[in-house]
Amino acid sequence: SRWKKHLCLALHFNMFVAVGVTLIVVVAFSMLSAFGLAPVIQIHDQSFPEGFLIKMTCAPTFLGVLLFAPDFLLCWACCDPVCFLDKTCIHQEDKRLQRRGIHK
């Protein structure tokens, strides 16, 4: 289906950027928690407080950057690799969608 094709291309082209941005967010929230500038939770079994912002933002940050980075980061337009894959870009079974994709 179309979302599987989009996910495959997003993984190929955006994986390293998504990992990098997520790593920056994790380090930033870790530093904020360590210096007491971000809220933390004290769990009874642990001797140290636990920052919950990382757990709440890590997966959404990664998925958001992975799926939507090219839409928001226009600076990639000059160095973004051009890739046209006929089987992934043009619908292969529905003739109406196929015709619309060809005439785009």
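What percentage of the 104 residues in the protein chain is buried? Buried residues make up 14% of them. Keep in mind during the tour that this is a predicted model.

**The whole chain**

Start with a cartoon view of the protein chain. The chain has 4 helices and 2 strands. Followed along the sequence, these elements give the pattern α-β-β-α-α-α.

**The largest nonpolar core**

Select Ala10, Ala18, Val65, Leu66 and Ala69. These 5 residues make up the largest nonpolar core. Helix H1 (2-34) and helix H2 (53-72) are the elements that give two or more residues to this core. Helix H2 supplies the largest share, 3 residues. In soluble globular proteins, nonpolar side chains tend to be buried together.

Stay with one member of the core, Val65, and show its surroundings. With neighbours within four places in sequence left aside, Val65 is in contact with Asn14, Val17, Ala18 and Val21. Ala18, one of these contacts, is itself a core residue.

Next select Thr22, which is in helix H1. Is Thr22 buried or exposed? Thr22 has a relative accessible area of 8%, so it counts as buried. Beyond the residues within four places in sequence, Thr22 is in contact with Cys58, Thr61 and Phe62.

Go across to Thr61, found in helix H2. Its relative accessibility is 18%, and therefore Thr61 counts as buried, the cut-off being under 20%. Show its contacts, again without residues up to four places away in sequence: Thr61 touches Val21, Thr22 and Val25.

Phe62 counts as partly exposed because its relative accessibility is 24%. Which residues does Phe62 touch, not counting those up to four places away in sequence? They are Met15, Ala18, Val19 and Thr22. Among them, Ala18 belongs to the largest nonpolar core. To check the spacing in the viewer, draw a distance from Phe62 to Thr22. The two are 40 residues apart in sequence, while their C-alpha atoms are 5.5 Å apart in space.

**Ala28 and Ile54**

Move to Ala28, placed in helix H1. At 38% relative accessibility, Ala28 counts as partly exposed. Ala28 and Ile54 are separated by 26 residues in sequence and by 9.2 Å in space.

**The cysteines**

How many disulfides does the structure hold? The number is 0. Cys8 has a relative accessible area of 51%, so it is exposed, the cut-off being over 50%. Cys58 counts as partly exposed because its relative accessibility is 29%.

**The nonpolar surface patch**

For the last stop, return to the surface view and select Leu23, Val27, Met31, Leu32, Phe35 and Leu37. Together they form a nonpolar patch on the surface. The accessible area of these residues is about 630 Å² in total.

Where is Leu37 found? Leu37 is in the loop between H1 and strand S1 (40-41). Leu37 counts as exposed because its relative accessibility is 65%. For a side-by-side view, show Leu37 together with Thr22: Leu37 is exposed, whereas Thr22 is buried.

Note on methods: Residues numbered from 1 in each chain as written. Predicted model: local features only at pLDDT ≥ 70, side-chain atom pairs only at ≥ 80, totals over all residues. Heavy atoms only, no water. Core = buried A, V, L, I, M, F, W, Y, C linked by side-chain atoms within 4.5 Å. Buried < 20%, exposed > 50% of the residue type's maximum accessible area, 1.4 Å probe, protein only. Contact = heavy atoms within 4.5 Å. Disulfide = S-S within 2.5 Å. Patch = residues over 30% accessible without salt bridge, like charges linked within 9 Å, V, L, I, M, F, W, Y side chains within 5 Å. Areas by Shrake-Rupley, 256 points an atom, 1.4 Å probe, with all protein chains shown as cover. Salt bridge = Lys/Arg side-chain N within 4 Å of Asp/Glu carboxyl O.
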